[in-house]
Amino acid sequence: MWKKINIVFLLGVSLMGCQELNKGVNDNPNDITIDAIAGISFLTGTQLGNIHVQVGHLQRISALWTRQLSGFQSSYLSLDQHNITTAESNSTWNRAYHSVLSQLRTIQEKSTDHPQLVGITYVMEAHTIGTMASIFGDVPYAEAATEGSPTPVFDPQVQVFEALLSRLDEAIGLFDGVENELVIPQDIYYQGSLSAWRAAAYTLKARFYLQLRKYPEALEAAENGIQDHAESMLFHPIDDTNTDNKNLFWQLAAGSRAGDIGNLKDGNMSYLLRMLSDTATISRSHAKTDERARFLFYILEDSDANANQGVGAATQPMPLLTFAENQLILAEAVTRTQGFLSGLDALNVYRAWLDSGDAFRQLDPAIAPKYGALDEDDFEEFGLENPDELAPETALLREIIEERYVSGFGTWMPYNDARRLREREPEIAVAFPVNPNGGSCLPQRFLYAANELDANPNAPADPGLCAKTPVNQ
């Protein structure tokens with residue numbers, strides 16, 4: 001996949017940068033250098049690289065560890081059993097630092113007179129490196145992808161988040177100062193939309209503040225974040241004959257990984273699917289909630305790609321940064337800071353969207369989604385959402401976190417929440433089994449990439465899977 005992504009990137013450079021390259025091309029085409037290419041030409045390649053950081057191989061492994069997916073055979077079965085080596089991180093590390101961050105630096109250097117584009121690169125920088133800090137802990141940032149620093153030091157995780165929050169503020173400032181908004185076709189996420197990128201920046205701020213447990217700040221950011229699904233950042237697969245342009249779940253089932261990973265096989269369902277099943281003891285369905293439609297949408301056939309018509313369909317968009325995440329951050333943060341009623345209102349805003357049918361495709365016309373508004377009584381003792389006599393506010397937080405687990409399928413949200421909450425607040429955390437197939441802990445982080453450990457003398461000794469990162473200690 002690394003080579004394929006770079007082929008796409010290089011083609012994008014050659015096509016999208018053609019106007020700039022024409023200047024002087026007849027003098028000596030062999031003298032064309034990277035400086036002759038407009039910075040904007042690098043944007044599509046960086047966004048393709050970021051897609052794999054957000055919804056690629058390591059994210060799928062996190063879904064195994066949070067029991068959203070199951071490994072059936074080969075490497076994914078071993079990874080499901082927590083048998084992982086540093087080599088598994090190589091491709092994601094390469095994409096984050098070489099396909100994304102180094103290219104963003106080039107764009108920034110070449111686009112000082114284009115604040116709209118520079119602001120976009122700052123948001124992308126925060127998106128990619130924020131994910132890396134979240135899943136690895138301490139990572140290179142201050143010295144990464146900078147001239148004269150081929151062996152960057154690893155910065156403390158919290159320091160990285162703080163720097164990225166400042167970066168996002170810089171991006172918002174740049175967006176606010178743009179006088180003439182331009183359409184940017186090379187931006188495959190938002191085509192340059194200032195309102196969409198500004199909202200994305202605030203949602204990323206909300207995500208980072210949530211991970212830092214700074215709930216008032218998370219609320220303030222979420223209130224300015226993605227307010228409508230139309231502004232969700234998605235990877236939109238292309239409906240053409242190139243299989244590399246398809247949904248990544250579909251690619252797995254269509255390629256050499258067919259049969260290796262999914263969530264339903266021989267009647268055995270992942271924990272996530274059991275939560276959505278109308279027959280399992282942990283089913284979320286009740287008088288006001290019918291999860292059968294989402295159950296069908298979330299089924300991932302492991303060996304027949306074209307059987308997947310829901311989340312794994314060939315052209316099904318994949319979530320990178322969404323209204324769902326922003327609204328559920330808002331619901332949790334407002335509950336913690338302003339109390340039960342405010343939190344209930346925020347959750348019902350989200351449930352109304354689910355109930356509208358716009359959140360996911362209805363695969364069976366006879367089974368429609370049902371998410372009625374919840375009320376105070378539902379969270380009282382023995383209410384629909386509180387069968388085990390929790391305090392109403394605690395029961396509401398549990399429902400919000402459970403919804404984040406379900407709606408966050410295919411994203412880093414369930415893994416981030418599990419590490420943030422399972423030990424500190426077990427009464428609201430999703431109680432999926434941690435190690436049914438082996439392993440001594442809920443993995444708290446991914447192992448540093450073998451290539452980085454081998455090549456960078458400033459890389460620290462890897463602390464292992466069970467070592468908590470600073471934000472989760």
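A residue is taken as buried when its relative accessible area is under 20%, as exposed when that area is over 50%, and as partly exposed in between. In this predicted model, Cys441 has a relative accessibility of 16% and therefore counts as buried, whereas Cys466, with a relative accessible area of 38%, is partly exposed. These two cysteines form the one disulfide that the structure holds, with an S to S distance of 2.1 Å. The link of Cys441 and Cys466 is left-handed, with -90° about the S-S bond.

On the side of α16 the contact is made by Ile401, Arg404, Tyr405 and Ser407, and on the side of α17 by Met413, Pro414, Asp417, Arg420 and Leu421. By class, five nonpolar, one polar and three charged residues take part in this contact.

In soluble globular proteins, nonpolar side chains tend to be buried together. The largest nonpolar core of the model comprises 134 residues, and those with the most contacts inside it are Trp93, Tyr97, Val123, Phe136, Trp197, Tyr298 and Phe446. Helix α7 (residues 115–136) supplies the largest share of this core, with twelve residues. Apart from its neighbours within four places in sequence, Phe136 is in contact with Leu58, Ser89, Trp93, Arg445, Phe446, Leu447, Tyr448 and Thr469.

Conventions. Residues numbered from 1 in each chain as written. Predicted model: local features only at pLDDT ≥ 70, side-chain atom pairs only at ≥ 80, totals over all residues. Heavy atoms only, no water. Disulfide = S-S within 2.5 Å. Buried < 20%, exposed > 50% of the residue type's maximum accessible area, 1.4 Å probe, protein only. Contact = heavy atoms within 4.5 Å. Helix = DSSP H or I, 4+ residues; strand = E, 2+ residues; numbered from the N terminus. Nonpolar A, V, L, I, M, F, W, Y, C, P; charged D, E, K, R; others polar. Core = buried A, V, L, I, M, F, W, Y, C linked by side-chain atoms within 4.5 Å.
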